[in-house]
Amino acid sequence: MLAQKLHLLRHNVLSFVSSRTGSDLTRRQYDVIVVGGGHAGTEAAAAAARLGAETLLITQKIMTIGALSCNPSLGGVGKGQLVREVDALDGLCGRAGDWAGVHFSILNRSKGPAVWGPRAQLDRERYRQFIQSELLSTPRLTVLEGSVDELLVSQPNPEEPGHHRVTGIRLVDGSHPILSSSVVLTTGTFLSGSLFMGQTTSPGGRMGDAQSCAGLSYTLKETLGLRVGRLRTGTPPRIVKESVDLSLAQLQAPDKQPTPFSFLNTHTHCKPEEQLPCYLIHTTPGVERVVRESVHLNCHIQQDAKGPRYCPSIESRVLRFPGRRHQVWLEPEGLTSDLLYPQGLSMTMPPDVQLRLLREIPALHRAEIRTPGYGVQYDFVCPTQLTPSLQVKSTQGLFLAGQINGTTGYEEAAAQGLWAGVNAGRTALSLPPMALSRTQSYIGVLIDDLVGRGVTEPYRMFTSRAEFRTYLRPDNADLRLTPRGFEEVGCVTLQRYKKAVSVRDGLQEALMALQSVALSSTRWREKLGNISLSENKSTTLNGLDLLQYKDVSFEMLASVFPECLSQYFEYSQRLKIEAVYRPHCEKQSREMERIRREESLSLPSDMDYLSLPVSLSQEVREILDRVRPNTLGAATRLPGMTPAGIIHLLNYVLRTGQRNRHTEHRNRSSQKEGEKGQLCASNIPISQ
Amino acid sequence: MSPCTWGLWRSAIHTLKTFSRASPSARGLCIPTRAVCDAETIFALSSGHGRCGVAVVRVSGPASSMVLRNMAGLTQALPPPRTALLRRISDPQSKELLDRGLVLWFKGPHSFTGEDSAEFHIHGGPAVITAVLQALGSLEGVRPAEAGEFTRRAFHAGKLGLTEVEGLGDLIHAETEAQRRQALRQMDGELGRLYQDWSYRLKRCLAHVEAFIDFSEDELIEDGVLNQGQRPAAIVSPIAGTTRDIVETSLDIGGFPVLLSDTAGLRDSSDSVEREGVRRARQRVEQADLTLVVVDSTQLPPDPQLVPAFLQEYLSTVLPSPEAGMKAASDRVLLVLNKSDLVPEEQRERTEGELREITGLPPACFLSCYTSTGLEDFLTVLQSRVKTLCGDPLSGAPSLTQARHRAHLQQSVAALNQYHQYRDQDLALAAEGVRLALTHLGRITGRVGAEEILDIIFRDFCIGK
């Protein structure tokens with residue numbers, strides 16, 4: 001099927017591009033316009049279209065749609081979970097990764113399935129091709145090459161909160177406006193972006209591309225009055241593979257059996273034996289010396305803007321932790337690429353110094369640079385100005401996703417893009433917006449952290465950010481999200497839904513079958529040989545109990561009860577994980593419920609906290625006014641918030657009859673529970 | 001502490017088993033179902049904390065009927081709602097009789113909180129109250145209420161009118177404030193430092209485990225995650241000035257938890273270390289609820305008639321604010337006249353006679369630590385003084401806070417046990433144990449968020465993959 005799509009791409013390249021110039025071919029009215037063709041933009045456009053919205057994707061260059069601007073890899077610890085969730089909601093990046101991956105490995109394999117990190121090195125070219133062909137074959141989606149000059153806004157719909165309403169965009173070259181109900185901005189590093197290399201600075205968001213759209217930046221800051229901040233990031237030089245002495249590097253082999261990202265795929269496109277290796281090398285004291293000697297030639301690192309602490313440039317690494325050997329990974333850029341990507345060597349010094357630095361590392365002593373590393377600084381919109389549906393609170397119909405919200409990483413961008421696309425589509429189709437709970441997904445954690453707490457440095461996902469990590473596992477993302485994605489959200493195709501339901505039912509049957517087989521622990525020991533069961537002899541254990549033991553696998557149990565278990569072999573790994581984690585997840589369920597209830601209590605976005613006629617301390621008022629939490633749950637998590645303050649807010653919510661319009665509860669439980677039930681958040685922690 | 005710790009381990013293990021067995025539901029896959037999400041059952045002493053004839057202990061939540069059955073020995077039907085019933089109230093585990101009192105059953109929603117509720121009207125003595133509260137805390141699924149929790153539940157159930165609701169925030173604020181002050185008092189002592197130290201170390205442990213999970217940088221993780229600290233032992237010698245730092249220990253006196261601080265002797269010294277010890281001692285005297293002023297009997301004037309004036313003078317140099325002090329002093333001070341074995345018996349008896357005549361001086365007890373003579377009498381006096389103090393409503397209710405702390409600490413230890421259980425098997429589940437332990441400790445010392453953990457990670461490790 002994939003090959004078919006690529007074929008399609010070749011045939012459709014013409015029509016793809018023709019929509020750019022032929023203004024007659026371009027409709028002037030869409031449901032959703034997505035600006036930007038990166039990871040956020042492509043997921044947003046595809047999701048909106050899947051939902052049934054007529055969607056227009058506008059990008060500066062069609063050929064860079066789906067480009068991997070920085071590292072040629074996808075997934076990892078925390079990030080892999082996001083990829084699985086995007087896939088469970090029928091997004092693109094998981095399947096694109098399976099198509100383009102050339103080196104698959106599951107990180108953290110020894111640390112427990114909840115924190116496994118599916119990861120792959122990608123072939124840049126193939127990834128781009130897959131994304132482009134997917135978009136091309138997506139019904140209701142048009143792609144247009146162009147640069148957006150201005151966001152069109154008008155008076156708000158008085159029945160909804162907000163001061164403005166977005167009505168469409170105007171292109172730089174086209175004089176006519178293109179109208180739409182929703183606009184999703186995914187401009188990445190292009191919002192007032194500047195590029196840094198050595199002592200030179202130039203406007204732009206990515207080397208080799210046109211510079212940023214000043215008009216858009218102006219609309220956001222001046223017309224809509226949004227607060228923005230500035231962040232920085234960087235990318236390493238690309239090294240010619242032939243010039244590297246790989247005999248001096250340590251080989252890192254991929255997993256023998258690649259694990260696909262997508263729940264739809266049983267295997268990856270790349271054959272196991274065709275996978276490419278990575279290489280590990282280390283920095284030397286010489287590297288540190290070059291960094292120190294060239295600090296004065298390096299504008300980027302002298303700037304104030306915050307860079308990511310967890311993906312620091314080599315300059316920050318050696319300056320903050322001197323006298324150490326730092327790891328550098330040499331990663332393949334693709335099957336046919338003659339380049340290597342040195343992960344961990346992002347740098348912004350002048351190109352000649354970059355070369356000197358690289359050659360201080362033994363394996364790179366004759367290295368040649370194809371393109372030098374550089375730094376980027378860009379504006380982001382403080383994400384506390386967004387709702388959990390990723391809409392700008394003050395502007396009806398305007399959604400933001402990706403780096404513009406202060407995040408970093410392809411996976412974080414894709415996750416937000418998908419959810420912004422879903423809500424842009426829903427808004428255009430007059431459906432109420434939706435939020436994902438942090439108790440149900442990493443995407444929910446990501447968005448709740450962004451809109452509830454804001455960012456001070458580029459935000460990256462970590463598993464430690466998720467309270468319910470043992471439930472939010474990569475293995476069960478389909479069960480957590482796919483049924484809802486189809487039944488409530490509308491972003492999942494029937495085919496995927498059917499598959500998820502059949503998996504769910506199959507697992508369910510298998511679990512029941514496991515529970516139906518019971519023996520005394522003595523008998524189990526006889527059957528299974530030398531396993532250590534802590535129970536005493538006469539205790540009866542069922543198959544599910546037994547599967548919780550470290551040394552017991554589903555296959556072992558199936559060999560004892562082949563007639564009732566062997567039909568479930570395909571689920572053996574998932575059953576094992578489920579058996580081990582389920583008791584812990586059940587213990588957490590009450591806390592989950594508390595958080596969900598608090599999430600379901602929305603605080604009006606236009607609330608005037610400074611003059612609210614309830615008893616709140618000035619300190620608490622200022623915190624609330626600054627962050628403007630969307631829900632009581634977000635307010636509870638604010639540092640400095642007092643228990644009394646929470647009660648007053650709850651009281652206010654009750655009195656003013658504000659009902660939550662955003663939550664997942666809306667369609668499911670509110671009718672059943674009635675108003676009392678929904679407003680009942682009885683376990684607000686009083687001692688924080 | 002150790003018997004109580006063991007009790008908690010047993011109950012924790014028991015809980016784990018219950019959970020691992022209880023998975024028959026066919027909808028198990030899609031995690032939390034509403035049925036298991038019911039509110040917890042809480043209890044609290046609802047009457048004032050002072051001495052009173054009758055104390056009311058309230059229980060609210062789904063397990064209330066279970067509580068009533070277990071505590072009041074009701075094997076058959078529950079009593080009719082809102083009808084007082086005289087029952088023997090006993091410990092559900094040991095079956096030991098705790099008190100005889102009235103029990104009432106309120107079927108939800110016809111109760112103060114709108115939930116199933118029960119009330120125990122028991123005798124007001126601190127020992128009875130403490131015993132009943134401890135018995136309640138030992139029941140599974142039942143925990144001490146947080147400040148204001150009954151009121152809050154009532155509010156959520158729509159049981160309070162708007163005017164009542166208006167004052168609710170302030171009420172809870174006041175309750176929290178009282179609790180906070182009490183917490184501060186405790187936080188200031190050795191106990192508080194201990195909790196803070198545990199909390200800090202757990203945070204670092206968690207940060208290291210989380211870093212290991214999120215960054216796969218094996219070489220950065222230090223081992224020895226849970227090394228226990230050593231308690232300093234006090235050095236005792238006949239030389240004045242031996243005790244310099246404050247040595248503290250927790251004691252149970254008459255059923256009340258008492259923190260005993262041994263300070264440096266208050267004397268002028270040219271030794272700068274000893275002077276610091278004296279300064280700390282004076283500071284501690286100001287914070288103390290009860291001060292034992294220990295005087296060397298051999299230093300008393302040989303003429304018994306001069307002893308009261310001598311002691312008066314001595315107290316004024318030792319105790320803070322002597323002018324306001326005398327009234328307070330008799331309540332908050334006990335004079336301990338040590339080394340009585342070195343004083344002739346006849347002189348001691350005459351001195352005791354003198355001291356009985358005098359008003360305005362705190363009670364004085366002769367004793368000898370060397371021969372233990374007089375120790376019994378002294379402990380009786382001390383115990384009655386502690387009881388008076390703990391019955392003082394202004395001091396809060398130590399038994400309540402203790403119950404809350406104990407519950408959180410027990411859960412914390414159970415969670416750490418989970419860490420050890422899974423350490424080599426599944427790091428995600430092991431880390432969950434540390435997270436839980438920290439959450440429970442955080443209920444005492446303050447909340448810990450993911451950001452704080454990440455800050456420690458980035459401070460301690462160079463992350464660069």
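With which side chain does the side chain of Thr373(B) make a polar contact? The tour returns to this residue at its last stop.

**Before starting**

This is a predicted model, in which local features need pLDDT of at least 70 and side-chain atom pairs count only at pLDDT 80 or more, while totals for chains, interfaces and linings use all residues. Residues are numbered from 1 along each chain as its sequence is written, chains are lettered from A and ligands numbered from 1 in the order in which they are written, and side-chain values use heavy atoms, with hydrogens and water left out.

**Chain A as a whole**

Select chain A. Its secondary structure comes to 23 helices and 23 strands; these are DSSP runs, helices being H or I with at least four residues and strands E with at least two, numbered from the N terminus. Of the 688 residues of chain A, 65% count as buried, where buried means under 20% relative accessible area, exposed over 50%, and partly exposed in between, with a 1.4 Å probe and protein chains only. The chain exposes about 24900 Å², of which carbon and sulfur atoms supply 51%; such areas come from the Shrake-Rupley method with a 1.4 Å probe, and for residues only the protein chains shown count as cover.

**The open sheet**

Next, select β3, β5 and β4 of chain A. These three strands form an open sheet in the order β3-β5-β4, with antiparallel pairing. The edge strands are β3 (73-75) and β4 (101-107), each of which pairs on one side only; two strands pair if DSSP finds at least two bridges between them. Six bridges join β4(A) to β5 (residues 117-122) of chain A, and Phe104(A) stands opposite Ala120(A) in β5(A).

Axes are lines fitted to C-alpha atoms, for helices over the stretch in contact, and angles run from 0 to 180 degrees between N-to-C directions. Helix α4 (residues 93-100) of chain A also packs on the sheet, touching β3, β4 and β5.

**Strand β8 and its partners**

Select β8 (residues 164-171) of chain A. Six bridges join strand β7 (residues 148-154) of chain A to β8(A), and the two run antiparallel; here Glu150(A) stands opposite Arg170(A). Three bridges join β8(A) to β9 (residues 177-185) of chain A, also antiparallel, and Ile169(A) has Ile178(A) as its bridge partner. By contrast, β8(A) runs parallel to β20 (residues 395-396) of chain A, to which two bridges join it.

Select Leu185(A). Leaving aside neighbours within four places in sequence, the contacts of Leu185(A) include Val35(A), Leu151(A) and Phe399(A); contact means heavy atoms within 4.5 Å.

**Thr373 in chain B**

Finally, select Thr373(B), in the loop between β11 (364-366) and α12 (375-390) of chain B. At 46% relative accessibility, Thr373(B) counts as partly exposed. Its side chain makes a polar contact with the side chain of Thr371(B), at 2.6 Å. A polar contact is a pair of N or O atoms within 3.5 Å; within protein, one must be able to donate a hydrogen and the other to accept it, and residues adjacent in sequence count only if both atoms are side-chain atoms.
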